[in-house]
Amino acid sequence: MVNKDKFYMKRAIEIAKKGKDKTYPNPLVGAVVVKGKKVIGEGYHEYFGGNHAEINALAKAGNKANGSTVYINLEPCSHYGKTPPCTEALIKSKVKKVIIAMTDSNSLVSGRGIKKLKGAGIEVVTGIMKKEAVKLNKDYIQYNRNRKKEKLQVILKIAMTLDGKIATAKGESKWITSEKSREFVHRLRGESDAIITGSATVIADNPLLNVRIKGKHRNPVRVILDSSCSVSEEASIIRDKSAKTMIITSQVCSEKKIKILKAKGIDVVVMEKKKGSYFDLRKVIKMLNERGLKRIMIEGGSYLNYSAISSGIVDKLYIFIAPKIIGGKSAKTAVGGTGVDKLINAFKIKNIKVSRIGEDILICGER
């Protein structure tokens, strides 16, 4: 029996390797569904933000998964993150037994997935080929150790002209800053867990908000604040599958639109909005942090920039200033909102560092 378990677990580990360099910071995971002496489904975590191994394997097994044994090199997740819990899928598929190589080092999962499976009457065996499983995901384990020490950080990025404009009166903003500055921004994205933007920016610029530079990197979760569900389901950020996308909306959004977005793989979160059309950004950041997203970057328009600064959520600012002047009263300014009446109430930036990036100036500071 042990040799049989090792045989199928070895297979799970082998197919998990197919996701190498595509899943970071997520783990490499493979799953094998066995019934009798036959493999009826296999799957692996193919890319960051995509379906987990168990979901892909169960999809191939279909109804035959009922009464089967599932081999997984890592404990299945039990919480809602970028994808629904794998434990729920296993329980719903009515599998009889789950054999796990190692428990998850992520504190959101560790031991909880096993407990949930056992609570549903599923037999769980752990420790089969644990040494090999640990070796496979040593980078993921180290990442989780570092994350425990990490604190929440919110970064605000602004790219503007010398006269403080982020777009012309007609909304043109590509490109205000130089190519070198844009490469720097892509590196900032690659170091972030999530990027927040507003629906107006998505509608006006149709951005992808992913990382487009050479080398090893990860794509952050793209978070769109869209209280009225106005972003088209045909927008590039909705259709693009290189990164996971979340839309935060309100009760105004119809169930039909929510259903369409979810069918396209969008994580839709309904939150109560403040008076007007905006959300309590403190609550938004708290929700993202609870989902394990600790490095959060904001790339939005003037109103979102003002809301972020005035709400006190910003820890660090990266302000890129291009040697250009747009002028005009109707051109969009970097920070909008109601502003302050007295200079004594102005938002102060400290620990300023100034540098050159190509032809642009970069001002980095803290709130």
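This is a predicted model: local features need pLDDT of at least 70, side-chain atom pairs count only at pLDDT 80 or more; totals for chains, interfaces and linings use all residues.
I looked up β15 and β16 and found them paired in the antiparallel sense over six bridges; two strands pair if DSSP finds at least two bridges between them. β15 covers 350-357 and β16 covers residues 360-366. Strands here are DSSP runs of E with at least two residues, helices are runs of H or I with at least four, and both are numbered from the N terminus. In this hairpin, two residues sit between the strands, and Gly 358 has a positive phi near 60°. Ile 357 has Asp 360 as its bridge partner in β16.

Residues are numbered from 1 along each chain as its sequence is written, and side-chain values use heavy atoms, with hydrogens and water left out.

**On to β13**

I followed β16 to its other partner in my notes, β13, and got six bridges, antiparallel again. Leu 362 in β16 is the bridge partner of Phe 320, and Ile 363 in β16 is that of Ile 319. Ile 319 also has Ile 158 standing opposite. β13 pairs with strand β6 (residues 153-161) as well, in the parallel sense over seven bridges.

How many of the seven residues of β13 are buried? Six are, so I call this strand largely enclosed by the rest of the structure. Buried means under 20% relative accessible area, exposed means over 50%, and partly exposed is in between, with a 1.4 Å probe and protein chains only. Phe 320 is buried at 1% relative accessibility.

**Rings**

I searched the whole structure for aromatic pairs and got five. Rings of Phe, Tyr and Trp (its six-membered ring) pair if their centres lie within 6.5 Å; planes under 30 degrees apart are stacked, over 60 edge-to-face, and the rest tilted. Phe 184 and Tyr 318 have ring centres 6.0 Å apart and planes at 50°, so I logged a tilted pair. Phe 184 is in helix α7 (residues 179-190) and Tyr 318 in β13 (residues 316-322), so this pair ties together parts 134 residues apart in sequence. Tyr 318 is buried, at 11% relative accessible area.

Phe 184 also pairs with Phe 320: centres 5.8 Å apart, planes at 65°, so edge-to-face. That pair links α7 to β13 across 136 residues. Elsewhere, Phe 7, Tyr 8 and Tyr 71 form one aromatic cluster.

**Helix α2**

I checked which residues of α2 (residues 53-61) are buried, and the list is Ala 53, Glu 54, Asn 56, Ala 57, Leu 58 and Ala 61. They pack against β1 (30-35), β2 (38-44), β3 (69-72) and α3 (86-92), with contact meaning heavy atoms within 4.5 Å. Gly 62 follows α2 and has a positive phi, near 60°.

Where does Ile 349 lie? I placed it in the loop between β14 (332-333) and β15. Ile 349 counts as partly exposed because its relative accessibility is 34%.
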